[in-house]
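Please keep the sequence and the model in view while reading.

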Amino acid sequence: MRLISAISGGLLLACALATGASGQTGGEGLSPTLSAIKGAHVVRLGYRESSLPFSFLDQAGRPIGYSLELCEAIVEEIGVEVDDPDLKIEYVKVTSDDRIDAILQNKIDLECGSTTANAERAKRVAFSPLIFVTGTKLMVPKASTVSAVTDLKGKTVVVNKGTTNEQAMHAVDKKFSLGLNIITSPDHEQSFQMLADGKADAFATDDILLYGLILRHKAQDKFRVTGDYLSYEPYGIMFRKGEPQLSAVVERTFRKLGSNHDLVPLYNKWFIARLPTGERLNVPISLQLEEAFKAMDDSPGANN
């Protein structure tokens with residue numbers, strides 16, 4: 001399940017949006033976010049309830065996932081930066097619609113979900129180096145005749161509010177004059193349910209999330225993912241813009257993970273191996289992401 005090679009050029013965008021800051025230590029005082037964290041002894045992580053395997057709830061209702069584990073590594077590095085090795089983590093639920101505001105309004109310090117890093121968003125928030133690459137596709141009932149976006153002419157498509165997928169569907173609607181009825185829901189689970197209830201003919205979001213939902217609901221015999229990629233979605237961990245010291249901590253975290261060769265095993269844990277909730281995605285790492293991880297390797301002899 002590799003992304004089509006045509007989107008590989010988009011990796012340049014993701015690299016441009018990465019923090020790119022060099023290692024920078026505290027000096028005189030801390031940046032606003034780091035200062036607040038040091039004062040409260042708490043880092044607030046924004047999580048998603050159903051963005052499997054990035055950020056979701058286990059059987060006990062606890063937030064887990066690939067993005068959260070990356071954020072926990074950042075928390076450890078923040079602890080080094082603010083000289084507090086015993087920082088606590090507070091998990092704060094966010095949705096596709098309110099996650100950016102949660103950063104801007106200082107409700108969370110890091111957003112650990114399935115968020116696309118693009119130029120428009122980079123005007124308001126900052127992003128970590130690349131953590132995943134995906135794209136918008138369609139989920140439809142198994143019996144549906146839809147195999148491409150042009151088959152949706154005049155039909156109803158559900159998207160998550162405030163997502164790049166919503167923008168992508170409006171763009172293809174206009175491009176192909178499809179006359180789509182594009183409806184929104186707060187998050188993945190609600191959109192999936194609208195499709196399951198027959199309130200929509202298709203659900204459009206990143207394909208990896210669609211596969212995760214089908215697995216989570218054991219609905220392989222009911223739904224399928226179809227169509228070409230309708231967008232390019234490079235994911236990153238989101239945090240507040242305009243804080244070079246915080247950017248440096250995030251960058252340093254990824255370079256440590258890369259130099260210790262921890263990034264690929266972490267990927268395999270969440271995308272290849274069986275998940276704690278029992279599902280297995282079995283999605284090989286894409287060439288684009290593999291190259292991005294290699295670029296994070298500062299160890300002697302690394303081919304950067």
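In what order do the 3 strands of the open sheet with antiparallel pairing lie? The order is β2-β3-β4. The edge strands of this sheet are β2 (50-51) and β4 (63-64), and each pairs on one side only. Strand β2 and strand β3 (residues 55-57) are joined in the antiparallel sense by 2 bridges. In β3, serine 55 is the bridge partner of serine 51. Helices (H or I, at least four residues) and strands (E, at least two) are DSSP runs, numbered from the N terminus. Two strands pair if DSSP finds at least two bridges between them.

**The model**

This is a predicted model, in which local features need pLDDT of at least 70 and side-chain atom pairs count only at pLDDT 80 or more, while totals for chains, interfaces and linings use all residues. Residues are numbered from 1 along each chain as its sequence is written, and side-chain values use heavy atoms, with hydrogens and water left out. The pLDDT value is the predictor's confidence in each residue, from 0 to 100. Its mean for the protein is 91, and 90% of the residues reach 70 or more. Over residues 1-16 pLDDT stays under 50, and the model has 30 contacts beyond four places in sequence for them. Contact means heavy atoms within 4.5 Å.

**Strand β1**

Strand β1 (residues 42-47) is largely enclosed by the rest of the structure, because 5 of its 6 residues are buried. Buried means under 20% relative accessible area, exposed over 50%, and partly exposed in between (1.4 Å probe, protein chains only). Strand β1 runs parallel to strand β5 (residues 88-93), with 6 bridges between them. Tyrosine 47 stands opposite lysine 93 in β5. Strand β1 also pairs with strand β6 (residues 110-111) in the parallel sense, over 2 bridges. Here glycine 46 is opposite glutamate 111.

| Strand pair | Sense | Bridges |
|---|---|---|
| β1 and β5 | parallel | 6 bridges |
| β1 and β6 | parallel | 2 bridges |
| β2 and β3 | antiparallel | 2 bridges |
| β9 and β12 | antiparallel | 4 bridges |

**The sheet of 5 strands**

Another open sheet has 5 strands in the order β11-β10-β12-β9-β13, with mixed pairing. Its edge strands are β11 (181-185) and β13 (223-226), each pairing on one side only. Neighbouring strands are turned by 30° against each other on average, direction ignored. Within this sheet, β9 (residues 136-141) and β12 (residues 202-206) are antiparallel, and lysine 137 has threonine 205 in β12 as its bridge partner.

Helix α6 (residues 164-176) packs on the sheet and touches β9, β10 (156-160), β11 and β12. The direction of α6 makes about 150° with that of β10. Helix α7 (residues 188-196) lies across β9, β10, β11, β12 and β13, at about 155° to β12. Axes are lines fitted to C-alpha atoms, for helices over the stretch in contact, and angles run from 0 to 180 degrees between N-to-C directions.

**Helix α8**

How many of the 10 residues of helix α8 are buried? In this helix (residues 207-216) 8 are buried, and α8 is mostly covered. Among them are Asp207, Ile208 and Gly212. Leucine 210 lies in α8 and has a relative accessible area of 0%, so leucine 210 counts as buried. Neighbours within four places in sequence aside, leucine 210 is in contact with Lys137, Leu138, Met139, Phe203, Thr205 and Val225. After α8 comes lysine 218, with a positive phi near 50°.

**Cores and a polar contact**

In soluble globular proteins, nonpolar side chains tend to be buried together. A nonpolar core is a set of buried Ala, Val, Leu, Ile, Met, Phe, Trp, Tyr and Cys residues joined through side-chain atoms within 4.5 Å. The largest nonpolar core has 52 residues, and those with the most contacts inside it include Tyr66, Ile208 and Tyr267. Helix α3 (residues 66-81) gives the largest share of this core, 8 residues. Apart from it lies another core, of 14 residues, including Val149 and Leu178.

Glutamate 81 also lies in α3. The relative accessible area of glutamate 81 is 11%, so this residue is buried. A polar contact of 2.9 Å joins its side chain to that of glutamine 245. A polar contact is a pair of N or O atoms within 3.5 Å; within protein, one must be able to donate a hydrogen and the other to accept it, and residues adjacent in sequence count only if both atoms are side-chain atoms.
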